[in-house]
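User: I have a structure here that I would like to go through with you. Could we take it piece by piece?
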Amino acid sequence: MSLTTAFISELIRAANEVEQLTPHEISRLIDRSVDTIRAMRERAELAGNSKVRHVVIDLQVASSRVRDLSTEDIRDTLIDAAEIIRALKIIRDQKA
C-alpha cells in the first residue's frame, strides 16, 4: 500500500471514529491533508486550479475552527479531504 493510499484510509477511518478523536488530532489530520493536496496538486501540474485552491482554503478554515464544528461537519470534512486526495492520486497515476 502506498503512503497516499494509507493516508486516505487513515482519513476515512478517522471520519468513522470522530467521537474518539481530540480536536488537536482532527486539526492535525486536516492540516496533513492540506499539505498533501498542495504537494500532489503541484506534482500533477494543477497548481492554478481554482477549484482545488478553494477546497484547500475550506480545509484550512475547518482546521482552525475544528472545536466549533459538529461531529457531522468534521466527518464530512475528513471524507472530502480523502476524496480530493484520491482524485489527485488517480490523476497522478494516469500521468505516470
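User: Is Asp76 buried, exposed or partly exposed?
Analyst: Asp76 counts as partly exposed, because its relative accessibility is 37%. Buried means under 20% relative accessible area, exposed over 50%, and partly exposed in between, with a 1.4 Å probe and protein chains only.

User: Where is Asp76 placed?
Analyst: Asp76 lies in helix α4. Helices (H or I, at least four residues) and strands (E, at least two) are DSSP runs, numbered from the N terminus. Asp76 and Ala15 are 61 residues apart in sequence, and their C-alpha atoms are 7.5 Å apart in space.

User: What should I know about the model itself?
Analyst: This is a predicted model, in which local features need pLDDT of at least 70 and side-chain atom pairs count only at pLDDT 80 or more, while totals for chains, interfaces and linings use all residues. Residues are numbered from 1 along each chain as its sequence is written, and side-chain values use heavy atoms, with hydrogens and water left out.

User: What is the mean pLDDT of the protein chain?
Analyst: The mean is 91, and 91% of the residues reach 70 or more; pLDDT is the predictor's confidence in each residue, from 0 to 100. Among the elements, α1 has the highest mean pLDDT (96) and α3 the lowest (86).

User: Turning to Ile30, is it buried or exposed?
Analyst: Ile30 is buried, as its relative accessible area is 2%. This residue belongs to helix α2.

User: Which residues is Ile30 in contact with, leaving aside neighbours within four places in sequence?
Analyst: Ile30 is in contact with Leu59, Ala62, Ser63, Thr77 and Leu78, where contact means heavy atoms within 4.5 Å.

User: Which residues have the most contacts inside the largest nonpolar core?
Analyst: They are Leu11, Ile37, Ile74, Leu78 and Ile85, in a core of 24 residues. A nonpolar core is a set of buried Ala, Val, Leu, Ile, Met, Phe, Trp, Tyr and Cys residues joined through side-chain atoms within 4.5 Å. Two or more residues come from each of α1, α2, α3 (50-64) and α4 (71-95), and α4 gives the most, with seven.

User: Finally, which residues of α1 and α2 meet?
Analyst: Thr4, Phe7, Glu10, Leu11 and Ala14 of α1 meet Leu29, Arg32, Ser33, Thr36 and Met40 of α2.
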